[in-house]
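This briefing is meant for a reader who is meeting the structure for the first time. Please keep the sequence and the 3D view at hand while going through the points below.

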Amino acid sequence: MMPERSSRAFVPELEQLRTVLRLADAAIALCTPDLTVVWANDAYTRLLGRSLDTLPGTALADLVGPRAHRSIVRALDGAPDESPVDVEVELDARPAHGRILRLRHAQVVDETGAVTGFVQTIRDVTAERQSEPAARLAAIVESSDDAIVGKTLTGIITSWNEGARRLFGYSADEMIGHPIQRIMPPDRVDDMHRILGKIREGERVEHFETERVRKDGRRIQVSLSVSPIRDATGRVVGASKIARDVTERRRAENALRETLELLATLNRTSVLLSGELELEKLVQAVTDAATEVTGARFGAFFYNVADENGESYMLYSLSGVPREQFRDFPLPRKTPFFAPTFDGEGIVRLDDVRRDPRYGQRAPHHGTPPGHIPVTSYLAAPVVLRGEVLGGLFFGHPDPGVFSERDERFVAGLAAQAAIAMDNARLYEAERRARANAEAASRAKDDLLSIVSHELRTPLSSIMGWVAVLRQGKLGPAGVQRALETIERSGRVQRELIDDLLDVSRIVAGSMNLELERLDLRSACEAAVDVLRPDAAAKNVRLDVNLGRPAFVVGDAIRLQQVVSNVLGNAVKFSSPGGRVEMSLVRRGTDAEIVVRDEGIGIEPEFLPLVFEPFRQAEDIRKRKCGGLGLGLTIVKNLIEQQGGTVAVESAGRDRGALFTITLPLAAATRSPADAAPAAEHASPE
C-alpha cells in the first residue's frame, strides 16, 4: 500500500549528502510520497532531458508520462513495506519519449516510522533492451537446423550460419564476401537472377525447390524461402535466404511416385493380360511394359524352345529396337548367362556384365558379337508355370547400373502374371482348336453323309435307269449288251464304295484281319494294272509300268492289290486326258518300293499333311469333279503299316502332279549281299 501522506515537508538533514549525490553518475531524485520530485542530481536531469532549475516540484507523471506513471504507482501499491521497488517502464512523455528506464524506489521514514518520501534511482536500459531481440534472433539463426544466408542484391554473401556450413560444407569465412553462385550448378544460375528480381520488387519467394552444389561436389535438392531485407527507411538493401535440404524428401517422393506408377503399370498390364488371349499380343504387351518401367534400352522374350542340339531359343517379342537388329545374330545359346534363366533358377541382375566372371567364356565371340546391341546392364527373369519354364524376359542397357532392386521386383511380378496369362492363352488356344476340330468333325460328318448319299445314289441311279429301259424290251442286242455292261460297272463301283466303308469301319474297330504269306510283289502290281488299264484307256491316260526283278515280301495278296489299285486308280482319276502315269517297282537295300507318279492336278502344300485322313478331299464337296468317298488313301496307309511298311506323298503344288511311294520290307529269304548294297545303286527304276 502507498504510505500515508506526511503533512510535513521533506527536508534533508545532511547537506553534505546532497553534494555527493549531485555529482554521482547514477540518476538520483528525492520524491514526496505522492511522487513529486523535490530534488534531483545532474545525471537525473540529463536522463530525462530537463533542467535542474525546473525539476523541483514537478510531478513524476509529467516527467515519465501517464502510462509509465500508472505502472509505477501499481508497483508501489503492491510492494511490501521497507522493500525497494523496481519497475521498468517505457517513457511516453517528451523529451525522453521511447526511452526504457528501470526505476528503483526506496522508502524514507522518520523517527516515528512514517514514510516521508522516496529515494528514486533511474537507469537507462534502452540499448540493452533493444539489443536483446537482436541477440536472441542471432542465437536462433545460429542454432537453426536450416541454412540461413544473407546476401546483397548482387548476390554477395553477407552472413552464413552454422546450418549453412552443415548443409553446404563451407565455413562462414569461406563464403562471406563471395558470390552465391559458388554453390549453384551452372544450369541453375538463372534461378538467382529471377529470385533477386522478385526481391528487388519487395516480394517474397516461398518454397522454391532447386539444386545446389556442396563443397564436396555432390548435388543436393534444396527448398528456398527468400525475403527482402530493408533499411530504416524501408528500402530493400538485401535478401535473407532460408535453405532446407529436401534431398531425402524428394527421393522419398520420387520413390513413392515411381511406386505408384509401378502399381498403375502393373494394374494396367494385369487388366490387359487378363483380357488378352492371343499369345503373340500378350507376350509383346508384357515385354513393352517391362521395358518401359525398367528404363531398358531393349527388352526381349525368348520362348524356351531349344533346337536339336539344345542350343537355341526362339525370339518371340522384342521392344525398344527393330526386330531387324537381331536378324544377323544367332539366337541365344545355353551360355552361363542364359542357362540360369531357361533352367528357372531365378532372376539375374548385373550392373556390368563385363565384370562378371562368366562373361566372355564362350567361343567364337568371347563376349558380345561385333555389331550387336551393346549390353552393360543386364536383367533376366524366367517365366515359370507349375515348374515348367515357358521362356525368359531379358533386358539390356549400354550404361552400367541401370537396373535397380525395384526393377527386379517389378519384372518378377510381371513374369508371374505373364506365366498365368500365357497359360490362359494356351488353354484358350487348345479349347479353340478342340472346338475347331469338333466343328470340322461335324462338317466332315455332314460332308460324309452328303458324299455317301451322292456316291451311292450315282451308280444306283444308273442301274435303275438301265433296268427300266431293259423292261421296255425295245433295245436291240447291242443296246442290251451296253446296258448290261453299264449295270455291271455301276454295281462294281457301288460294291467298291461299300467295301471301302466296311474297311474303314474295321480299321476304326481294330478288326482288320490280314492273311499274310510270302509273295512276289510284282503279282499284286500286275493284277492292279490289269484292272485299271481299261479305265486309263477310256480316259486316254498313258500307263507306263516297270516292275523290274522279283521282290518277295510277306503280306496279304488281296490287300496289297487293293493298296496298289487305290494309289494307281487315284493317279489315273486325277490325271487329265492325254496325261501319263508311271509305276515302278524297285529294290533298295532291304526294302521294296512301289513308286507311282502322275502329271495330274497335284496337291496344295497345306493339304499334303491331310491326304491320308478319312473323308478328306482337296476339292470342295460342292465343286467335286471326281467321285469317291475320300477313304482310299486312309485304307492304303493303314494296310501298309499293318504289313510293316510306310507310304509317303510328295507334290510340288497345284497342277504339278503327285508322287506316292509305298515301302515294304523284303522277305528275309530273298535278301542277298547285293540287296545290302547302297541305295545309290538302285537310284533309277530297273
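Is Glu203 buried, partly exposed or exposed? Glu203 has a relative accessible area of 40% and is partly exposed. The model described here is a predicted one, and its chain of 686 residues has 41% of them counted as buried. The chain contains 16 helices and 23 strands, and among contacts between residues at least 6 apart in sequence, 57% join residues at least 24 apart.

**Salt bridges**

- Across the whole structure, a search finds 28 salt bridges, and the points that follow describe some of these pairs.
- Glu203 takes part in a salt bridge with Lys198, with a distance of 4.0 Å from N to O; Lys198, at 40% relative accessibility, counts as partly exposed.
- Arg165 and Glu162 also meet through their side chains in a salt bridge, at 2.7 Å from N to O. Both residues belong to helix α6 (residues 162-168), and because they lie 3 residues apart in this helix, about one helical turn separates them.
- In that pair, Arg165 is partly exposed at 35% relative accessibility, and Glu162 is partly exposed with a relative accessible area of 27%.
- Arg522 forms a salt bridge with Asp520, where the closest N and O atoms are 2.9 Å apart. Arg522 counts as partly exposed at 22% relative accessibility, whereas Asp520, with a relative accessible area of 14%, is buried; the cut-off that separates the two descriptions is 20%, since buried means under 20% relative accessible area.
- A network of salt bridges links Arg542, Asp544, Arg580, Glu582, Arg597 and Glu599.

**Packing of helices α14 and α15**

- Helix α14 (residues 521-538) packs with helix α15 (residues 557-573) at an angle of about 40 degrees, and the axes of the two helices are 8 Å apart. This angle makes α14 oblique to α15.
- The crossing in which α14 passes α15 is right-handed.
- On the α14 side, the residues that meet α15 include Leu521, Ala524, Cys525, Ala528, Val531 and Leu532, while the α15 residues that they meet include Ala557, Leu560, Val564, Leu568 and Val572.

**Cysteines**

- Cys525, listed among the α14 residues in this packing, is buried, with a relative accessible area of 1%.
- Cys31 likewise counts as buried, at 1% relative accessibility.
- How many disulfides does the model contain? The count comes to 0 disulfides, where a pair of cysteine sulfur atoms would have to lie within 2.5 Å to be included.

**The surroundings of Arg230**

- Arg230 is placed in strand β10 (residues 219-230), and at 46% relative accessibility Arg230 counts as partly exposed.
- Leaving aside residues up to four places away in sequence, Arg230 touches Gly202, Arg235, Val236 and Val237.

Methods. Residues are numbered from 1 along each chain as its sequence is written. This is a predicted model: local features need pLDDT of at least 70, side-chain atom pairs count only at pLDDT 80 or more; totals for chains, interfaces and linings use all residues. Side-chain values use heavy atoms; hydrogens and water are left out. Buried means under 20% relative accessible area, exposed over 50%, partly exposed in between (1.4 Å probe, protein chains only). Helices (H or I, at least four residues) and strands (E, at least two) are DSSP runs, numbered from the N terminus. Axes are lines fitted to C-alpha atoms, for helices over the stretch in contact, and angles run from 0 to 180 degrees between N-to-C directions. Angles under 35 degrees count as roughly parallel, over 145 as roughly antiparallel, 65 to 115 as roughly perpendicular and the rest as oblique. A crossing is left-handed if the near helix is turned anticlockwise from the far one by less than a right angle, and right-handed if clockwise. Contact means heavy atoms within 4.5 Å.
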